[in-house]
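Please read the following account alongside the sequence and the 3D view.

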Amino acid sequence: MSVDSDAGQLKGEADEPGREVDPDDEWGVAVVETVGRQLKLRREAAGMRAADFGRALGYGEDIVYKVEGGKRIPRPEYLVKADEVLGADGLIAAMNEDLEKVRHPKKVRAIAMLESKAVELQLYDPLNIHGLLQTPEYARALLMMRRPAYTASEVERFFAARVARKSVFERDPAPELGFVLEEWTLRRPLGGKAMLRCQLEHLLETGQLRGVELQVMPMDREEHAGVDGSIEVLKFADGTAVGRSPVVANGRPVSDAKQLRILELRYGIIRGQALTPRESAAFIEQALGDT
């Protein structure tokens with residue numbers, strides 16, 4: 001959060017793009033409480049009241065108490081400015097590294113952790129272009145379209161988490177990544193035709209990466225094994241796997257052999273019903289030309 005340079009007003013909690021700490025995220029709570037406690041000790045040692053400290057940072061007093069009480073995760077710039085105000089020589093700003101590990105929601109961190117360890121990912125999303133394949137602009141546009149609407153802080157939080165997951169493409173050795181995309185997601189101009197064109201171009205570029213296979217499920221298919229919803233199957237180097245689908249265990253990650261077999265069977269049939277990677281690339285090029 002910042003000070004409005006024209007009005008000179010401190011923005012309050014509703015305007016602050018940091019986020020509340022999930023009380024069920026025990027590790028996250030511990031990290032944020034530790035950072036908040038250190039900030040409070042340094043502020044008090046400097047003889048500054050919370051109101052004065054907040055004013056120096058450009059934040060309302062309510063945010064200072066929230067952060068110091070371990071109830072709110074501050075944005076990186078908050079700690080950078082606090083470091084300057086308290087003359088901490090980089091020690092406070094360095095705590096951003098600790099907060100970065102818990103800045104995203106527990107559920108998102110768990111997914112990202114699994115993806116970072118998987119040697120093979122089999123992914124199908126019937127509603128949207130998969131999050132790992134979305135351009136930043138397309139991802140943000142989708143988040144803005146959500147109804148009931150996300151708050152500005154939620155949009156930023158989910159957007160940052162989605163972008164962070166893309167590190168899976170940068171791993172070496174690269175994992176095997178398989179995606180099945182629905183044709184309609186390649187044709188509906190969500191965010192506008194210009195944004196869709198950029199998204200389709202991004203798909204073509206991503207499909208050329210080593211270990212990435214994109215397949216398109218045409219709308220004219222009379223049989224479709226994906227009518228029950230999305231599928232994720234992540235396989236690991238030790239031979240274990242984790243799967244997830246809204247119709248299996250209420251969408252919770254599963255590792256039971258019987259449930260995994262169901263997910264892998266469905267995904268295999270979906271792949272067989274979809275276009276081949278080569279046919280899919282030509283299909284996306286045609287969709288790009290039609291946009």
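What percentage of the 291 residues in the protein do buried residues make up? The share is 43%, where buried means under 20% relative accessible area, exposed over 50% and partly exposed in between, with a 1.4 Å probe and protein chains only. The model is predicted: local features need pLDDT of at least 70, side-chain atom pairs count only at pLDDT 80 or more, and totals for chains, interfaces and linings use all residues. Residues are numbered from 1 along each chain as its sequence is written, and side-chain values use heavy atoms, with hydrogens and water left out.

The protein has twelve helices and seven strands; these are DSSP runs numbered from the N terminus, helices being H or I with at least four residues and strands E with at least two. Its C-alpha trace spans about 70 × 45 × 35 Å along the principal axes. Of the contacts (heavy atoms within 4.5 Å) between residues at least 6 apart in sequence, 70% join residues at least 24 apart.

Five strands form an open sheet in the order β5-β4-β3-β6-β7, with mixed pairing; two strands pair if DSSP finds at least two bridges between them. β5 and β7 (241-244) are at the edges with a single partner strand each, so one side of each has no neighbour in the sheet. The twist from one strand to the next averages 10°. Strands of a sheet pair through backbone hydrogen bonds, either parallel or antiparallel. Here β4 and β5 run parallel and are joined by six bridges, with Q215 in β5 as the bridge partner of V180. By contrast, β3 and β6 pair in the antiparallel sense, over six bridges, and L121 stands opposite L234 in β6. Although β5 is an edge strand, five of its six residues are buried, so β5 is largely enclosed by the rest of the structure. Helix α11 (residues 257-273) lies across β3, β4, β5, β6 and β7 and runs at about 110° to β6; angles run from 0 to 180 degrees between N-to-C directions, and axes are lines fitted to C-alpha atoms, for helices over the stretch in contact.

Next, the cores. A nonpolar core is a set of buried Ala, Val, Leu, Ile, Met, Phe, Trp, Tyr and Cys residues joined through side-chain atoms within 4.5 Å. The largest has 29 residues, and L121, L133, F179, L186, L200, L203 and I284 have the most contacts inside it. Two or more residues each come from β3 (118-125), α7 (136-145), β4 (176-182), α10 (193-206), β5 (212-217), β6 (231-236) and α12 (277-290). Leaving aside neighbours within four places in sequence, I284 is in contact with L186, L200, L203, L204 and V216. A second, separate core of 21 residues includes I63, A82, A88 and M95.

How do the helices α1 and α3 pack? Helix α1 (residues 26-45) and helix α3 (residues 61-68) meet at an angle of about 120°, with axes 7 Å apart. That makes α1 oblique to α3, since angles under 35 degrees count as roughly parallel, over 145 as roughly antiparallel, 65 to 115 as roughly perpendicular and the rest as oblique. G36, R37, L39, K40 and R43 of α1 and V64, V67 and E68 of α3 make the contact. G36 has 0% relative accessibility and therefore counts as buried. Beyond its neighbours within four places in sequence, G36 is in contact with V67 and E68.
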